[in-house]
Number of protein chains: 2
Amino acid sequence: MGSLADFFTGYIKFDALGFSLDSSKISMLENVLREFARPTAEAFEAMERLENGAIANATEGRQVGHYWLRAPEFAPNEAIADAIKSTLRQITAFARDVHHGKITAGGKKFTHLLCIGIGGSALGPQLIADALMPENPPLKILFLDNTDPDGFARCFKLLVPYLETTLVTITSKSGSTPEPNNALNATAEFFFRSKIHFPSHAIAITCDESKLCQRARAEKWLAVFPMWDWVGGRTSITSAVGLLPAALYGIDIESFLNGAAMMDKLTRTREKNPAMRLAQCWHVATEGKGTKDMVIIPYRDGLGLLAKYLQQLIMESLGKRLDRRGNVVHQGITVYGNKGSTDQHAYVQQLRDGRDNFFVTFIEILRNQRANKQNVTNASEAADYLEGFLLGTREALNECGRKSITITIRELTPFSMGMLIALYERAVGFYAELIDVNAYDQPGVESGKKAAAEILALKKEICDYLSQNSISPEHADAEVIAEAIHREGRIELVFKLLEFLRANS
Amino acid sequence: MGSLADFFTGYIKFDALGFSLDSSKISMLENVLREFARPTAEAFEAMERLENGAIANATEGRQVGHYWLRAPEFAPNEAIADAIKSTLRQITAFARDVHHGKITAGGKKFTHLLCIGIGGSALGPQLIADALMPENPPLKILFLDNTDPDGFARCFKLLVPYLETTLVTITSKSGSTPEPNNALNATAEFFFRSKIHFPSHAIAITCDESKLCQRARAEKWLAVFPMWDWVGGRTSITSAVGLLPAALYGIDIESFLNGAAMMDKLTRTREKNPAMRLAQCWHVATEGKGTKDMVIIPYRDGLGLLAKYLQQLIMESLGKRLDRRGNVVHQGITVYGNKGSTDQHAYVQQLRDGRDNFFVTFIEILRNQRANKQNVTNASEAADYLEGFLLGTREALNECGRKSITITIRELTPFSMGMLIALYERAVGFYAELIDVNAYDQPGVESGKKAAAEILALKKEICDYLSQNSISPEHADAEVIAEAIHREGRIELVFKLLEFLRANS
């Protein structure tokens, strides 16, 4: 159990913010912290350069500016500061006009919001909507975050009765990502078939001059909101990507941004810095090599998507083959989790008794919020159990030598969500500095897109061959076809694609 | 890439079932398979004994009978066979009567279904409802799977307009699990405050003579459906736990059970057995010790909960401290994943470039289903991309030496879902035999409940002391209180609980 003094050396608390971080269940011996002294100092310097506008994403030659989004006064130039501020004004005004019926669907108030996007363009708005769902949202919200036509069909089915009053956001930085493009095309056609003028319902969130931007302007869409190349997808939640859907959904985005700004301020200091502490904990727990998985368990239903959000933020940022000096390092930290106490009935059995291949981060929310407003009868009893399960599990894991971190938040609000996200954004940045990888590129995603394009090209070659020779996929032989189209090295893929064609012919 | 001959040695296909398993991307050398010969034979024998009614869960002295649920003719005695058959008839009749307005809420047709349960009592029905959502479900479905009062409040808020026509199922085998109990109490009070007679809306799914069963009978609930001690929570999806919500939601449960039965039949054979192949793959990929994580990526929106479901099934079954001879083994396999291609924009970056600490299972669905029925315009193009992303990722991972398995299913239907679930149930059973752990107990969950109870007791002691001495939590000192209540060894917990009390006072 340890003494309270031991506990306090691992405990950082910020009363005014209703926030604390407990790292006492990760052994951070003094000499380990001394070892960190130099890399820690360097990480602070690198972060300072980044915030001042250095090209921190060297691979893509880009600045990394998500911290400016909640403190435009720190932006490296007036143009960027103005862009951030004017976009925020534009978002606030647009959402207000939709809510007040000044922007309408031919005189009718909008009732539904369909958000199209993938990766950072989906997870951010999904997390924020789910965690901060207002008591009486002015719009219902739905998401399309894939290129699954059956997923499109499900979503369209739900929207049929409301299509006339449905707003659609399409978020794609480059405007050329296949998944949102396919979803956009299907949605536009769905409006067309329903005889509803799509452009009057459509909003693009994209970089200036992207294909999507050009299309939106040419078709005279309802609105276009900007994205910038200095904001990465996985850190775009405090840009228009996260803020516009949130504002339309009735969430207090000013308070959300304030929370992020306050945490940014707190995590610029060199002492008692919770983001650096978090990064150091990850380093100690995973030996700086990702040797253990990070299990994230927030004890609240509203945070059921947090682990998925952090999975993207952390794994895409840290999962790298090379360090910045070009050494092959195969870095990363695996992240998974859902919510407590639910997960105790799923995998806590293994955490307690099975392989010691993880460390847990408990997210503790001290206060009920909705239950009290709505007078849920036994709210305080239910909350006692929730707290009891969290502390009991933390204790039991500690007893069998399993490491954990506990992040405590007084109440789940837009402000505290802003804090939490900014905390993790900076912790990832710091950790990447400690292990010397570029946290801001994602070469693997690009090569994934390329691999898919090659498969589609191969499929076309097969289809062309079959049609030119009047062969049905049922009667096609993979080896014969592969040879005929000179793709002997791809015979297995030819076989797989023929199976796919057979099922769909 | 390998030749087609290499591929075929790792490929098992069942054309009539529209199902195949490709293990070619896990190197299964002949000598490895020879090493497995004896454990494999023993695993088959153990499974046969289990299906014949042996006490396969020795810890709890229980039979393990989830396979009987879809083939009651194999049940070890008439009483069990009759119970299965009559329950199935009862479920089918009940759902039909609700759909046809024979069972009503005071003359009004039921419109909503709230399912209360946690662990296996939630994940099964959640998965099946999400994956197999009918085009026009006769009821809307919601879940309460936690003891979060804010989660209760969210759910109740949504139900306010429909409460009069809301059915509620409470699933709890023992009837004493705190989470569903708290949710039940809150829900009953919510009905009471809304002046609606809860018992006429309430259905229990529980073991005979459990507390929940007694309450349901005493209060004359609408119905009680049986659970049995020979069905574990994580394998209860083909019992009333999964079937009743599914049937009420309009899913073809007969076809679902048939799919499971067909896979059971297939995986009883000693040759070309996909469940055994899967178990062997897991053994090879994780050295029989869970040294790699299992990443599950189904390329369909409808299977977005599959990984979470399998996470429970696999981690709770395999994550064990002791093997069956009492050796300390700390076994388990970590499972995570969401869906493709979405996850390619989240963590496939790390899978490609980062730590080689995983193997992937791709779930490939060849055919669209909903999109074709609803004439989604660019369905086939979108599906081509989905397939392209799957094959491209599989290929790219293989090129950098990352292992994967591909399970291919022609179409996502109740039948194929039944197959998929039965496949994994038996693979887990086989794998547990290969590593000699009891797949059917969960001692860690029990001790988790106990730990929580201790925390709640400690909290009560603190509250009693504070109130007896008229001290407010704001002015309480953890060390003083711990000493006063003679819990010096629990001082840190006293501190944490005081923080909780302060936030809530």
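**Labels and their grounds**

Analyst: The rule finds 24 salt bridges across the interface of chain B and chain A. The model is a predicted one.

User: What makes the pair Glu364(B) and Lys496(A) a salt bridge?

Analyst: The closest N and O atoms of Glu364(B) and Lys496(A) are 2.8 Å apart. The cut-off between a side-chain nitrogen of Lys or Arg and a carboxyl oxygen of Asp or Glu is 4 Å, so the pair of Glu364(B) and Lys496(A) qualifies.

User: Which helix gives the largest share of the side of chain B that touches chain A?

Analyst: Helix α15 of chain B, residues 379-399, gives 15 residues to that side. Between the two chains, 92 residue pairs are in polar contact, counting pairs with both residues at pLDDT 80 or more.

User: How many residues of each chain are in contact, and what is the area buried between chain B and chain A?

Analyst: On chain B 132 residues are in contact with 132 residues of chain A. The buried area is about 11700 Å², and carbon and sulfur atoms give 55% of this area. Arg154(B), His345(B) and Glu492(B) supply 7% of what chain B buries against chain A, more than any other three residues.

User: What makes the link between the side chains of Lys339(A) and Asp301(A) a polar contact?

Analyst: The distance is 3.0 Å. The limit for a pair of N or O atoms is 3.5 Å, so the link between Lys339(A) and Asp301(A) falls within it.

User: How do you know which residues of helix α8 of chain A are on the same side?

Analyst: In α8(A), residues 211-218, the buried residues are Leu212(A), Cys213(A) and Ala216(A). They cover an arc of only 100° around the axis, which means they lie on the same side of α8(A). Lys211(A) and Ala218(A), on the other side, are exposed. Among the elements covering the buried residues are β5 (166-171) and α7 (178-193) of chain A.

Note on methods:
Residues numbered from 1 in each chain as written. Chains lettered and ligands numbered in written order. Predicted model: local features only at pLDDT ≥ 70, side-chain atom pairs only at ≥ 80, totals over all residues. Heavy atoms only, no water. Buried < 20%, exposed > 50% of the residue type's maximum accessible area, 1.4 Å probe, protein only. Helix = DSSP H or I, 4+ residues; strand = E, 2+ residues; numbered from the N terminus. Arc of directions from axis to C-beta. Contact = heavy atoms within 4.5 Å. Buried area = accessible area lost by both parts, 1.4 Å probe. Polar contact = N/O pair within 3.5 Å; in protein donor to acceptor, adjacent residues only side chain to side chain.
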